[in-house]
Amino acid sequence: MFADLRPRPGGKRPAPPDPPTSSDAPHEEESRRSRASIRAWGLVLGLVLLSATTLLSLGVGAKQIAPDQVWSALFSPTGTENDAIVRELRLPRTLIGIAVGAALGLGGGLMQTLTRNPLADPGLLGVNAGASAAVVTAISVLGITTFTGYLWFALAGAAVAATAVQALGGGRHATPVRLALAGTAVNAALFGYVNGLQQWDLNALDEMRYWSVGTLAKRDADLLITVLPLLLAGAALALALARPLGALALGDDHARALGTRVRRTRVLSVLAITLLCGGATAVCGPIAFIGLMIPHAARSFCGSDPRWLLPYCALYAPVLLLASDVLGRIVVPPSEIEVGTVTAFLGGLLFIHLVRRRKVAQL
């Protein structure tokens, strides 16, 4: 820690290190301003990319529609076929993609920050498994076959599963490691229940097969309107927790020394993850790896500070989700590949890359 100032064999004492000079302060301040400027421009780039992918989502599909015709359909419709395609089919699908993508991105950033685990995914808290278990129960036991009916069961299942994980992880004394282990156990148990019920009830198997793949297709605006208040509440809560989560990332003792209420921050974070990922799963089914991929990409530009990481996740996750949806529409025309399949493929490649990296493997 301190320089060795003992005399050397030659009789000379090494010179002490130069003290910091006042000229270093302007350079540090300039460096901070430069990083903040780069981060701000990254958010602007995210808005540009989101606008571009939104336009692609409205114009690309079984029938290609030019950008000027998309604009006309949105703001000066004349009742043409293109107007109907854009306004009735693609616009709801695109808006749902933006809302769900932002929710999954925020949930992933929140999950990785909360657990201090770079490989954490929103499904780690049992949210996806709980939603799936509740939906398959509603189909098999209650005979519900509408997406509106699925919605509330999926939300309830996600909330119950997240609460169970929190309780098994130690409740108020939960730690990141306990939460991860409890989430793994709950996931295994719930997915075993889902598979068993599907094998017993073929009707549930047929209904769940389409819902569980994760898709933006055949979803209408009414579903988004129903779930949007929950997603907005979860997003507001996640962004409000950015500062205490930044302190929590330093460790519980450091966070308490900085005045952070650790238990309350963890409980509210779990609540935000449940609202965001439960609502997104209820609308589109479980869409994998969005919450894993985006935080990793965002950290390359904005670092690990949640005050920057969470806004980046909220902007760039819809870009990835809409781009994946567009890719699924054009790979095998006139058929489509569901967006959950596309993101699973892309996420699988990223996961292999992360596991092979020595830095991650040693965590």
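Let's start with the surface: the protein chain has an accessible surface of about 18,600 Å², and 64% of that belongs to carbon and sulfur atoms. Keep in mind that this is a predicted model. The chain runs to 363 residues, of which 46% count as buried. As for secondary structure, you'll find 15 helices and zero strands.

**How the chain folds back on itself**

- If you take the contacts in the chain with a separation of 6 or more, 73% of them are between residues 24 or more positions apart.
- Leu49 gives you an example: 266 residues separate Leu49 from Leu315 in sequence, yet their C-alpha atoms are 8.9 Å apart in space.

**Where H3 meets H12**

- How do these two helices cross? The axes of H3 (residues 81-115) and H12 (residues 290-302) come within 8 Å of each other, at an angle of roughly 70 degrees.
- Angles of 65 to 115 degrees count as roughly perpendicular, so that's the label for H3 and H12.
- On the H3 side, the contact is made by Gly101, Leu104, Gly105, Gly108, Gly109 and Gln112.
- H12 brings Ile290, Gly291, Leu292, Pro295, His296 and Arg299 to the contact.
- Sorted by class, the residues in this contact are four nonpolar, seven polar and one charged.

**Two aromatic pairs**

- The structure holds two aromatic pairs.
- Trp71 and Phe75 make up a tilted pair, because their planes sit at 45 degrees, with ring centres 4.4 Å apart.
- Both of these residues belong to helix H2 (residues 67-75), where they are four residues apart, or about one turn of the helix.
- Are Trp71 and Phe75 buried or exposed? Both are exposed.
- Tyr312 and Tyr316 form a stacked pair, with 5.7 Å from centre to centre and 15 degrees between the planes.
- These two tyrosines are in helix H13 (residues 306-330), and because they are four residues apart, about one helical turn separates them.
- Tyr312 is buried, as its relative accessible area is 1%.
- Tyr316 also counts as buried, with a relative accessible area of 18%, because the cut-off for buried is under 20%.

**Leu49 and its neighbours**

- Leu49 has its place in helix H1 (residues 24-59).
- Besides residues up to four places away in sequence, Leu49 touches Tyr316 and Val319.
- With 33% relative accessible area, Leu49 is partly exposed.

- Look for Leu190 in helix H6 (residues 176-200).
- What does Leu190 touch, leaving out residues up to four places away in sequence? The answer is Ala129, Gly130, Ala133 and Ala161.
- Between Leu190 and Ala161 there are 8.8 Å from C-alpha to C-alpha, although the two are 29 residues apart in sequence.
- Ser140 is found in helix H4 (residues 127-142).
- At a relative accessible area of 15%, Ser140 is buried.

**Loops worth a look**

- Most residues other than glycine have a negative phi.
- Lys218 is not a glycine, but its phi is positive, at about 60 degrees.
- You'll find Lys218 in the loop between helix H7 (202-211) and helix H8 (221-240).
- Lys218 counts as exposed because its relative accessibility is 70%.
- Phe289 isn't a glycine either, and it has a positive phi of about 75 degrees.
- The loop that holds Phe289 lies between helix H11 (262-284) and H12.
- Phe289 is partly exposed, at 23% relative accessible area.
- Pro286 is also in the loop between H11 and H12.
- Since its relative accessibility is 19%, Pro286 counts as buried.

Notes: Residues are numbered from 1 along each chain as its sequence is written. This is a predicted model: local features need pLDDT of at least 70, side-chain atom pairs count only at pLDDT 80 or more; totals for chains, interfaces and linings use all residues. Side-chain values use heavy atoms; hydrogens and water are left out. Axes are lines fitted to C-alpha atoms, for helices over the stretch in contact, and angles run from 0 to 180 degrees between N-to-C directions. Angles under 35 degrees count as roughly parallel, over 145 as roughly antiparallel, 65 to 115 as roughly perpendicular and the rest as oblique. Contact means heavy atoms within 4.5 Å. Ala, Val, Leu, Ile, Met, Phe, Trp, Tyr, Cys and Pro count as nonpolar, Asp, Glu, Lys and Arg as charged, and the others, Gly among them, as polar. Buried means under 20% relative accessible area, exposed over 50%, partly exposed in between (1.4 Å probe, protein chains only). Accessible areas come from the Shrake-Rupley method with a 1.4 Å probe; for residues, only the protein chains shown count as cover. Rings of Phe, Tyr and Trp (its six-membered ring) pair if their centres lie within 6.5 Å; planes under 30 degrees apart count as stacked, over 60 as edge-to-face and the rest as tilted.
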